[in-house]
Amino acid sequence: MSGTTAPRSADRPARVAVVGTGYVGLTTGACLASLGHRVVCADADAGKVERLRRAEVDILEPGLPELVRDGLGSGRLEFVRDTPAAVREADVVFLCLPTPMGAGGAADLAAVEAVAREIRTELPDGCVVVNKSTVPVGTSERVGALLGRPEVPVVSNPEFLREGHAVHDFLHPDRVVVGGADPEAARRVADLYAPLAAPHVVTDAASAELTKYAANFFLAMKLSFANNLATLCERFGADVADVTAGIGRDPRIGEAFLKPGPGWGGSCLPKDTHALLSVCEAAGIDFPLLRATIETNVEHQRRLVERVVAQCAGPDGTLTGVRLALLGLAFKAGTSDLRDSPALALARQLRERGAELFAYDPALSETRPDLSDLVTLTGDPLEAADGAAACLVLTEWPQFRDLDWPAIAARLDGRVVHDFRNLLDQDRLERAGLVRQSIGSAFTMAG
Ligand code: UDX
């Protein structure tokens, strides 16, 4: 039943319910409405529903506020608090719920299971329930069992949306993957995407569920590889940018996801690699490559911390009383999301060594009580740099390239800028009297 096929054209717009309006659910709802479907999005958060009804989107996702506004205007998109009411008339119900890292690294399915129980008696006969949340293999079957409605097929339709590019990725997918025990139900869900020119992989539920984990594991593996490669380059006096350009042009390898950095993070890669490891362990399957991918990330960050300690520590070998300027806290540029941010992982370790951290991130306001024990957030990079022994670039915000580096140099106590995103211009920093230390090149002080 599986295979990659060209999409069929949609016969008619579908009535779609989306449960959960996080960046996946809201993007799914707003984009499906823009494709002509009638969409009702449900969220338990009353305040959020009110804001969405006014087209106020509280996540940083280019194009999303406009799509929400257009959807509301056309009448094809609505927001409700009442999940059962949202699903009662639906042809297709998308579950876009959080599946955070639970005990032992396993995905916590409490939200998915609670909603399945809430809607089980409300679903109309013949509708299809779609798991879009990233869930372990077997969850479609489990949701089916919880629903207890044999005439309501459950399929898996994983998303591959990058935060900050979610609308673009939804509307320009590389592929649409749908899997379920009922091939016709899987087809019906794939057909929702018919207006988008992407190949469809229609398969069984386990294959679809595993595809998502396999994709994120592979991406994380590539990044751990790139970060290890950077270490090799430092030791051998090579330049990682040239080496990755040299290998990346081979289409079997590919250029994307080979940029070394302060480790990989975000709301998906850490959670999904740990969840996959946890299901492998539960199934008695040893997957050394997966373990190594995760451990390499931890080790890489430890190494970067040691590099800062080696450069800035006082006579007692610690960073006690040493002030450091952090540029960027978000897990990547274009988002204010701090979930599993590599910047925060480094900040925590530096703090444990005694450092006093002053941070600037263009996406974060100055008031973040949740960060107050870790960093002092400033609204200005110069303020963050004031009296700091070194400056660390932790998020690849492009505007950091064009900061007033001579002014920053004048405020810094030390000379070194640890460019952990390989972002800055070497000559510009040198002209400002600063020493740029990147990752994976001859400019790097190996540590
Ligand atoms: C990821 C997947 O890309 C997406 O397909 C999936 O649906 C969700 O998880 P996202 O979490 O938005 O998306 O972040 P992504 O852009 O993939 O970056 C992940 C991490 O890798 C970030 O910390 C980023 O800074 C880092 N990264 C990425 C690098 O260090 N180097 C790179 O070359 C690319």
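This is a predicted model: local features need pLDDT of at least 70, side-chain atom pairs count only at pLDDT 80 or more; totals for chains, interfaces and linings use all residues.

**The ligand and its surroundings**

Sorted by class, the residues in the shell around the ligand are eleven nonpolar, two polar and seven charged. The shell counts 20 residues, and those that come nearest to the ligand are E163, F257, K259, K332 and R421. Among the secondary structure elements, helix α9, which spans residues 205–236, gives the most to this shell, with four residues.

For E163, a polar backbone atom is 2.6 Å from a ligand oxygen. F331 also takes part through its backbone, with an N or O atom 3.1 Å from an oxygen atom of the ligand. In R421 the atom concerned belongs to the side chain: a polar atom there lies 2.8 Å from an oxygen atom of the ligand. The ligand taken alone exposes 660 Å², of which the protein buries 91%.

**The two domains**

The domain assignment divides the protein into domain 1, residues 3–203, and domain 2, residues 233–447. The centres of the two domains, taken over C-alpha atoms, are separated by 34 Å. The domains also touch each other directly: 15 residues of domain 1 are in contact with 18 residues of domain 2.

D337 is found in a loop, the one between strand β10 (323–327) and helix α13 (342–352). Is D337 buried or exposed? Its relative accessibility is 11%, and because the cut-off for buried is under 20%, D337 counts as buried. Its side chain makes a polar contact with the side chain of R339, at 2.8 Å. Leaving aside neighbours within four places in sequence, D337 is in contact with E163, S267, A330 and F331.

T203 is found in strand β9, which covers residues 200–203. At 5% relative accessibility, T203 counts as buried. The C-alpha atom of T203 is separated by 43 Å from that of A347, and the two residues are 144 residues apart along the chain.

Key
Residues are numbered from 1 along each chain as its sequence is written. Side-chain values use heavy atoms; hydrogens and water are left out. Helices (H or I, at least four residues) and strands (E, at least two) are DSSP runs, numbered from the N terminus. Buried means under 20% relative accessible area, exposed over 50%, partly exposed in between (1.4 Å probe, protein chains only). A polar contact is a pair of N or O atoms within 3.5 Å; within protein, one must be able to donate a hydrogen and the other to accept it, and residues adjacent in sequence count only if both atoms are side-chain atoms. Contact means heavy atoms within 4.5 Å. A residue is near a molecule or strand if one of its heavy atoms lies within 4 Å of it. Accessible areas come from the Shrake-Rupley method with a 1.4 Å probe; for residues, only the protein chains shown count as cover. Ala, Val, Leu, Ile, Met, Phe, Trp, Tyr, Cys and Pro count as nonpolar, Asp, Glu, Lys and Arg as charged, and the others, Gly among them, as polar. Domain bounds come from an automatic or database domain assignment.
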